[in-house]
Amino acid sequence: MSSTLRVSLALVALGALALAVSLWLGPSSIANPLADDSATRTIVWEIRFPRALTAWLVGAALGLSGAALQGLLRNPLADSGVLGLSGFAALGAVIAFAFGFAVFAPLMALAFALLAAALVTTLGWAARGPASLALIGVGLSSFAGGLIALALNLAPNPGALADLVNWTLGSVEGRSLSDAFLVGAFLLGGGVLIVLAAPGLQALTLGEEAAAAIGADIARTRMLVVLGAAACTGGATAVAGVIGFVGIAAPHLVRALGGYDPARLLFPSALAGGALLVCADLAVRVLPTDTELKLGVAAALIGGPVFALIAARLTARGGEE
Amino acid sequence: MSALASLSSVGVMLGKTRALDDVSFAIERGNIIALLGPNGAGKTTLLRVTLGLAMANEGRVLLGGDDPCALHPRARALRAAYLPQRPQAMWSVSVESLVALGRFAYGAAPDRLGAADRAAVDAALEACALSHLRARPMNTLSGGERMRAHLARALAQSAPLLVLDEPTAGLDPAQALAVSDVMGRHAQAGGAVMFSTHDVALAASTARRIVLMHEGRIVADGAPEAALTPGALKNVYGRNGRLERSGGAYAAVFE
């Protein structure tokens, strides 16, 4: 069995296990989630299952787009959050929500994520070393943050403000099956584009010049990854708000388990992202806090220090992994 | 016999600087051409424009009879293989996976190699004396081994023309000679090699034809003794220098 397959199977098992535990654990104790009374059915299949499934799909979308962006930019610090795609997607969705066009939130999130992806890959293409690219992303993210504040400021319906702020913190609480379908559709579309880019990502292991010289169409690869990552991030952000670090952590986890090839990293990274986010959501649900911790907040609390560690290790090694 | 690649009156502008000016030459099967000249003379630009990785603003470039910029990257890769200056390998790929990337243009991937691809990868590893290191991650190799792995990647492409940008930079004499031997065998087998270097002695010992560049122009083109005269060396490098023959090899002495 190849190592990619072994890692994938382990991650599928972890995801499935976390999903199963999610059905069983929660504020109201349920002894048997498969029991046939209406209260159990409602809690398990209309609340817990859609929430956990949404978490898995959001995590998978972020993990996949992180792996693709890292491969394209040859930068282990890249992901939708760091590069500003998530921030811009949130901006698009906030504009839609704040001005009463909630139906268009996913499309706006997609369009804005696309804009950020195009900007960051164009500005960052010639960036030397992983840190300089991350800085461009930081710039884009803070710009998006400022514009979100502006949109909230100008929003004609101040009553919705609290909801919006809550949403930008990132959460899958109360998500329905239709939310899960929405992320799933975006993930599928983005996934197809990213899989088409996989050979190009493999070639980019050699750097841009040599990749072009062995026959890779770099412009096409870049376009596919930008579109695919934007679709994944747009869908995930429209449904769950901004959730950082999953996109960085997932590919790193897979690399630590022995996969380096940027093409063979894609699928396991999606599985790892899904499993990680279901576990994180499980944690925020069972933690005994008065108000439930937001998933995006929890991800940042764990992911932030991990990100700093990876960055410090890379800087120490002069940017080579 | 038609040339593998040819440039006629090629000029390239990089921003406002003229990187190449009225450059013409052709490379045929069996040739080894060494490009010499100081930093900034236009060697890398010449190599890139030959491969279609940079556009010529003036003149005409032909790679196997076609404009390389108009070819699909895969078609281009079947005609010429390229080793850029300071080649990279991200993500700690293994030597074997790196070399297998040379088969990209044939539709192969490191985890999906046909029989022909496997044979080409094995032959390239063998030619660069890397068979025993095939499973090693690239970031555990020495500088010389790493350069040989990148050279093997270019060889695995099985393209007639090898274009190498400073393939011996930073290598010890033994490693540099090993690279030189690989180039010699490629030309003997009916291919052609064009490489740039700052090592005047190695260039003269490896190549039967030297192209000497200065400020974007070719100032000498011919056999080592004919091209690297004391006058030409003084003109290009600004120092008194001469080429000395000893046995089958050359030494370059600068004062």
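How many C-beta neighbours inside 10 Å does Ala129(B) have, and does that count as buried, exposed or partly exposed? The close-ups below take this up, along with another residue and a contact between chains; keep in mind that the model is predicted.

**View 1. Ala129(B), a loop residue with a positive phi.** Here we look at the stretch of chain B between α4 (115-127) and α5 (143-156), the loop that holds Ala129(B). Its phi sits near 55°, a positive value even though the residue is not glycine. Most residues other than glycine have a negative phi. As for the opening question, Ala129(B) counts as partly exposed because it has 14 C-beta neighbours inside 10 Å.

**View 2. Glu166(B), a buried residue in another loop of chain B.** This one is found between β6 (161-165) and α6 (173-188) of chain B. Glu166(B) isn't glycine either, yet its phi is positive, near 50°. Is it buried or exposed? With 22 C-beta neighbours inside 10 Å, and 20 or more being enough, Glu166(B) counts as buried.

**View 3. Where chain A touches chain B.** Now for the contact itself: chain A brings 22 residues to it and chain B brings 26 residues. On the chain A side, the elements giving two or more residues are α7 (177-203) and α8 (208-213). Which of them gives the most? That would be α8(A), with four residues.

Technical notes:
Residues are numbered from 1 along each chain as its sequence is written. Chains are lettered from A and ligands numbered from 1 in the order in which they are written. This is a predicted model: local features need pLDDT of at least 70, side-chain atom pairs count only at pLDDT 80 or more; totals for chains, interfaces and linings use all residues. Two residues are in contact if their C-beta atoms, placed from the backbone, lie within 7 Å. A residue is buried if 20 or more other C-beta atoms lie within 10 Å of its own, exposed if 12 or fewer, and partly exposed in between; C-beta atoms are placed from the backbone.
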